[in-house]
Amino acid sequence: MMTIEVLISGLLLGGLYALFGLGLSLIFGVMKIANIAHGEFAIGGAFFAIAAGTFLGVPLWLAVAMALILSFAIGYGMQILLINRVLGDDPMPALLMTFGLSIIIQNMLVELFGADNRSLDIGPLATIGFKIYDIAIGVFPLLMFGVAIALFATLHWFLRHTRAGRNVRATSDDPAMVCIMGLDRTRIFALFMGVSAVLAALAGIMLAMRGSITPFSGAERLLIAFEVIVIGGLGSIWGSLLGGLVLGVVHILALRIDPSSGPLYGHLLLLAILLARPEGLAGRMEHR
Amino acid sequence: MMRVLLLAVVVLLAALPFIADRGTMFLAMEILVIVALSQAWNLPAGYGGLLSLGHHGFVGLGGYALYAISRDLGMHVLAAIPLSGVVTGLLALAITPVLFRLRAVYFAVGMWVVAEIIRILVMRSDWLGGASGMPLSGARDIPRAWMLPCAYWLALANAVGITVLVWGLIGSTFGLRLKALRDNEVAARSIGVTPHKVRLIVFVVSAVFTGIAGAVTYFSALFITPLGAFDIGWVVTIVFVTVIGGMGRLSGPFLGAAFYFLLREGLADYGNWYLIALGSAAVGVMFFLPGGVASLLDHISFSKNQKKEQL
């Protein structure tokens, strides 16, 4: 029974991890760069929601909505103003720039909110649950999992079945050709950085509802997102879902067997995957 | 002429412990450590395109290696410092089979993950004092008054050593191979450059000097904790210093370190604001001056020598 319980809570947590990975994977896929500030987007989004709730006194749903809109604006603005201008064949300038931005955001958060633990209070929803055959399942983790799956499905539908999604895939495959066809790829990139920031913020908000965060929580979220997409394999967003679920189960399992290990076994899993299957669990062979 | 001048500067710096007070000397040592770290990071990153965000792992490793060697092997603490660099280099060598499967951004973040693994393993190890850290048992090898001067001289030797080494490497055919790999791997391979070997050498050299810099820092601190030794702040400083100073340029780490310490000391009363200012400066440099402050000097004077250095 315990194994099934571990498996279920691992999968539910994995949904949240997958959501962290999804935003990063989009940026990787569309722009071929790594957004080191992804973790700070997540934590920053959660702090916006907390600030809107405490200082403006608005209800939770409105605070979350405001945080998501602000996150989109920040992601979009950063891409238009800064990152677009250092994009090129070499992904390193963008990497360094997002690294710089992540440190700026992180320390801004410290200055604004202090370094204490914060969380988003969701009232009784945090504790209610039900039992199936003696296995306890929390309503909120299940809800988070549902949100994650729904977002994956929405993105899949958008990329595969809409005209705008086709443009995005074309930009990812051959940016020069897309320019010839008259598409403005800088705007597509900015749109996706905005969407990626919203996905990150949503994951960060759910993290703050589930537990607590500090301004320094971003780095660990970035590493989780990175592990999710490498373990799952690049090439499809569904790889990220698989990677998230696997990582979630490994983390929960490690927590039961070796409580002081933290994210150690997730990190080791990444190295093991790189040795045994560098293209990831669901990925195609690709040059990295 | 230039070389004589530089030699004179080094001799002058070596004489600092006889004239400066403790505070100045401590700051000078810190500057030299940051210069050495940035120079060591710049070798694979700036010249070779092998950018790591996990060098804090090597800083911590070097520090812990010193503490373990001086306690368990009974070796004199001054002899243990270079050896700590060797230990760090060997560990770097050991992780290359996995890490070198990664390229570009994947390598950068992969290194970060490796540093995290090392940090967690050290925190869980009772042998290394666990999460609360441990004192330097080799401290009794040296009279107290000589601790700081010794740390300073070691930091100076390390900074000069890596600078001379990078200068020598970059001027040699090896340096040409390294830069060829950074600029176009396929073309470099086609003329007989072996990517794996070249990258392995610069990566391990970088780890050795980073490890020594870590050992020197924690030699002067007399106490080491995993939280401080494996702090991502090390990488933040290294990256900002090198980017602002100029990646792939010998003078970059010096100019960047000067900028860093001026900013940090100037904003000392304003908490974390110096990091925000530093990050903004780095982003601004990438934007307006991709070659860093060092390239600004090239703009001012177009002597033949500097054009050569630019290559």
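Me: How many residues of chain B are in contact with chain A?
Reply: In this predicted model, 31 residues of chain B are in contact with 34 residues of chain A.

Me: And which elements of chain B give two or more residues to that side?
Reply: They are α6 (104-123), α12 (233-245) and α14 (273-288) of chain B.

Me: Which one gives the largest share?
Reply: That would be α6(B), with ten residues on the side that touches chain A.

Me: What's that side of chain B like by class?
Reply: It has 22 nonpolar residues, along with five polar and four charged ones.

Me: Back to α6(B): how far apart are its end C-alpha atoms?
Reply: They are 29 Å apart. With 20 residues at 1.5 Å a residue, α6(B) should span 28 Å, so the two values agree.

Me: How many residues of α6(B) are buried?
Reply: 18 of the 20 are buried, so α6(B) is largely enclosed by the rest of the structure.

Me: Switching to chain A, how many helices and strands are there?
Reply: Chain A has eleven helices and two strands. Along the sequence, the pattern reads α-α-α-α-β-β-α-α-α-α-α-α-α.

Me: Why call chain A as compact as a globular protein of that length?
Reply: Because its radius of gyration is 19 Å, close to the 19 Å that the globule rule gives for 288 residues. The C-alpha atoms of chain A fill a box of roughly 60 × 50 × 35 Å along the principal axes.

Me: What percentage of chain A counts as buried?
Reply: Of its 288 residues, 50% do.

Me: And what about contacts between residues at least 6 apart in the sequence of chain A?
Reply: Among those, 76% join residues at least 24 apart.

How values were computed:
Residues numbered from 1 in each chain as written. Chains lettered and ligands numbered in written order. Predicted model: local features only at pLDDT ≥ 70, side-chain atom pairs only at ≥ 80, totals over all residues. Contact = placed C-beta atoms within 7 Å. Helix = DSSP H or I, 4+ residues; strand = E, 2+ residues; numbered from the N terminus. Nonpolar A, V, L, I, M, F, W, Y, C, P; charged D, E, K, R; others polar. Expected span 1.5 Å × (residues − 1). Buried ≥ 20, exposed ≤ 12 C-beta atoms within 10 Å, placed from the backbone. Rg over C-alpha atoms; globule rule 2.2 N^0.38 Å.
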